[in-house]
Amino acid sequence: MKLITEVTGVVTAPVEQVWRALVNGNPGWTVAGDHTIAYQGGWWYRGEWSVEPDPEGTRVVHRVYDVARWMRWGVPLANRFFIGFADRTRAAFEEGLTRIERDVRA
């Protein structure tokens with residue numbers, strides 16, 4: 001796996017509450033480790049979200065990996081050389097954090 005991008009943020013709630021909100025908000029995703037869930041999409045994409053303790057509550061980390069086993073050279077071409085990819089990933093991550101914060105407050 002090759003790391004493409006990583007974004008992080010903090011939710012001011014305990015780890016277990018954030019973990020439940022993350023898992024419940026992403027049905028069908030695979031639990032991939034201790035406090036990590038993953039989604040595999042298409043031939044190259046793997047997204048992982050994980051939670052860990054932070055002095056302000058819970059740090060949420062989102063990583064995007066290139067997991068292509070064939071045509072690895074085509075991943076940058078298929079994604080227009082990832083121009084704007086980090087910005088789109090950050091925007092989607094911020095939406096996810098907002099949803100998690102809303103869910104833990106409900």
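Visitor: Why is Asp54 called buried?
Guide: Buried means under 20% relative accessible area, exposed means over 50%, and partly exposed lies in between (1.4 Å probe, protein chains only). Asp54 has 16% relative accessibility, so Asp54 counts as buried. This is a predicted model: local features need pLDDT of at least 70, side-chain atom pairs count only at pLDDT 80 or more, and totals for chains, interfaces and linings use all residues. Residues are numbered from 1 along each chain as its sequence is written, and side-chain values use heavy atoms, leaving out hydrogens and water.

Visitor: What makes Arg59 and Asp54 a salt bridge?
Guide: A salt bridge is a side-chain nitrogen of Lys or Arg within 4 Å of a carboxyl oxygen of Asp or Glu. Here the closest N and O atoms are 3.1 Å apart, so the pair qualifies. Arg59 has 24% relative accessibility and therefore counts as partly exposed.

Visitor: How many salt bridges does the whole structure hold?
Guide: The search finds 5. One of them joins Glu48 to Arg46, with closest N and O atoms 2.7 Å apart.

Visitor: Are Glu48 and Arg46 buried or exposed?
Guide: Glu48 is at 12%, so Glu48 is buried. Arg46 is at 18%, so Arg46 is buried too.

Visitor: Why is Glu94 called partly exposed?
Guide: Its relative accessible area is 35%, so Glu94 falls in the middle class. Arg90, at 31%, is also partly exposed.
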